[in-house]
Structures are given as structure tokens and as C-alpha cells.
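Colleague: Could you take me through one part of this model at close range? I would like to start with the ligand and its surroundings.

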Amino acid sequence: MSDATILFHEWQQLRALRKRFLEGSASKQDYWESLRLLELYDQTFAERIAWKWQYVLLQLHRLRWQPPTSAVLDWGCGTGIASRTFLRAFALPDVRLTLYDRSALAVKFAEQKHREVFPHISLLPFNDTAFQGVVLLSHIITELSPQDLDALLQRLRAAAAILWVESGEYHTSRKLIDVREQLRSDFHVVAPCTHQGRCGLLAEENAPHWCHHFAHVPQAAFTEKRWSEFKARIGIDLSQLPLSYLVLDKRAIPLLPRLSSRLIGGTRLYKGYAAVLACTEQGVAEYHLSQRHFPQVYRQIKKGEADTLVSMQTEQGKVVHLESLAVQEMRKA
Ligand SMILES: C[S@@+](CC[C@H](N)C(=O)[O-])C[C@H]1O[C@@H](n2cnc3c(N)ncnc32)[C@H](O)[C@@H]1O
């Protein structure tokens, strides 16, 4: 968020925008009424979305994933925050970027921002061939009708890779799980899943759960006046930033070690143990992690700092071995 003052009526505009997003009425019509509204969004909501992208890109970095091509499409780009964050994370040569949105004003704004930040990239007009590159999708799924989503998925089958980031709410995560099921025969699933099979959350007993994760919220969100004003004016709790995401790649990907597991959702802490929800090839299930046996992991979970990609062994519902895959890799190196 920049330090430029946001006026009283502009906060009202941002509140109205958020109401649209929450009510699901954002799908009905183009709501980008002015470049100023795009600027306001870019300084506030989009910045939080960038934190979610940074989290996802860090997970990809840990998996040593690199983009398969420098051709990038940001579909439903809004102000272009997804592609700006993506391009900052990878030093790609000869970037060819296409920005697409149903709002011509949004595309204009996003193109302008990109030209300021990355003067050397080529901006290409949108057409169907743009789907053959790396396709970025961000906070779009709730704005698409079932027909629009179907049409989009058909075109996404051409992609070299897909990076899709959404809010961490139940219904958005569940939609993204549907997307995974529809596309997984054409792609390899890179993250967050540790396997290529059917999503374990689709099992009947897992209906109450959803696949969500928590992005790191930078210190600025708690110390800077502009964020405390945002919190007060918009009424958003800044302390937690849940998200759901999906990364697919046409290329074969390295297999993860046999005991790999992804911890998902918010872990519940009890006296002496944590209840962790773990996703493996065998399915999604809850396990108890003893504070006495895993004091460090328990502490990390409490602080929201635990790695979610782990090597884990369980016996009778209890965790008997757990180690971050990143730590395991470091030990091997
Ligand atoms: C919540 S905004 C997210 C913007 C951006 N991707 C981000 O993460 O900040 C959703 C965007 O999707 C666009 N959009 C909605 N329906 C669309 C459609 N059918 N085709 C293309 N863009 C669409 C909207 O105009 C808006 O810019």
C-alpha cells in the first residue's frame, strides 16, 4: 500500500467493492468504474493478494520448480498483481506477457503498471495462443458462471503450466478441487498435492474440510499506519491470510519421497497435542502430534511457522515421525 491518502469516499468505494466480492455479485457486471478505483484496489486488496502469491512461489521454490516458458498469460488480470509478483520471483529471459480481463480499463491499468516495473518485457495482445504459455489465475473463480468456468478449463488444457491462487474459503477451495479433478489427466500436479491421484478431500468423511494454507503476513501489516487504517475502515482481520492454490505442469515432475505429506488447513491445538490434517497419496486424515515428542514442530505450528511439506510416519492415528522435507533435503546436501 502506498502512503498516498485514501479519501473518505474512496474507502466507501473499497468497502462496496469488497461487498461485491463477498456476496458473489462481482460476476454480474464489470465493476472497474475508473482507473482510480483500480489504483485503490492495487494499493490495498491486491497487495494482500501479492502476499498469497509470494507464499505459493516460495512453495514452488522449495520444490525447485521453474517456469517452462517465458510466455505468460495473466487471465482475469485486474491490476496485474499476479503477473507482477510472478515475474519478480523468476529471472525469465525475453518475457512475453499477455494481460487479459473482461474490463478493458483493467488491462490498460495493468499494462501501464507492468511497463513501469518491467520496461523490457514484451506485452502481447490476447488471443487463444496465449493459453499455451504459463497461465496465471488469481481470485477469479467466484466470478465465473459454471459455463464460463467450463469454457475456461477447455482452453486451459493447452497451457504449459497453470498457477491458480484463490481465497482460502471453503467454497473457493472446493471449486479449485473440482478444477484439479477436471485437469489432472492433462497435467502433473506440482502443488500443493504430494500425489497425482484423486483428491482425498473428495472422500465423504472429509466433506467438512477444505484445502487451505496460510500465507506469511509481513510485519508492516501490524506496524504501519496505512494498514491499521485499512483494517479499521474495511474491517478485515490482517493477522491471518488463508489461501487455496493449485499448480499444474505439462512436464513430468520429480517424484516426492515416499512418506511425503502436505499439512493442510488450520491446525487445532489442544493441551499436549496438535490435531494435524495431513494429505498423502493414501488420503486425507487427521493425526495427533504430541507436544512432548515434537516440541519444536508444536511450537512452529503454534506460531504459524511450520513447513507444510513434510516427511511423516503415523501409527494408530498418532504422528511417530515428522520432519520438514526442506530440512531433510538440507541434511542430504
Ligand atoms: C477479484 S478480481 C482479481 C483480479 C486479479 N486477478 C487479482 O488477483 O488481483 C477478478 C477479476 O476478474 C475479472 N473478470 C471477471 N469475470 C471475467 C470474465 N468472465 N472474463 C475475464 N475477466 C473476468 C474482473 O474484471 C476482475 O478484474
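How many Å separate an oxygen atom of the ligand from an N or O atom in the side chain of S138?

Modeller: Happy to. That separation is 2.6 Å, a polar contact in the sense of a pair of N or O atoms within 3.5 Å (within protein, one must be able to donate a hydrogen and the other to accept it, and residues adjacent in sequence count only if both atoms are side-chain atoms). Before going on, please keep in mind that this is a predicted model, where local features need pLDDT of at least 70, side-chain atom pairs count only at pLDDT 80 or more, and totals for chains, interfaces and linings use all residues. Residues are numbered from 1 along each chain as its sequence is written, and side-chain values use heavy atoms, with hydrogens and water left out.

An N or O atom in the side chain of W32 lies 2.8 Å from an oxygen atom of the ligand. With R102 the backbone takes part: one of its polar atoms is 3.1 Å from a nitrogen atom of the ligand. The protein buries 95% of the 590 Å² that the ligand exposes when taken alone, with areas from the Shrake-Rupley method and a 1.4 Å probe (for residues, only the protein chains shown count as cover).

Around the ligand there are 18 residues, and W32, Y41, G76, D101 and S138 are the closest; a residue belongs here if one of its heavy atoms lies within 4 Å of the molecule. By type, this shell has 11 nonpolar, 4 polar and 3 charged residues. In that count Ala, Val, Leu, Ile, Met, Phe, Trp, Tyr, Cys and Pro are nonpolar, Asp, Glu, Lys and Arg are charged, and the others, Gly among them, are polar.

For the wider setting, the domain assignment, automatic or from a database, gives domain 1 as 8-249 and domain 2 as 260-332.

The peptide bond from A191 to P192 is cis, with omega near 5°, and P192 sits in the loop between β6 (188-191) and β7 (213-214). R64, in the loop between α3 (45-62) and β1 (71-75), has a positive phi near 60°. Helices (H or I, at least four residues) and strands (E, at least two) are DSSP runs, numbered from the N terminus. As background, most residues other than glycine have a negative phi, and most peptide bonds are trans.
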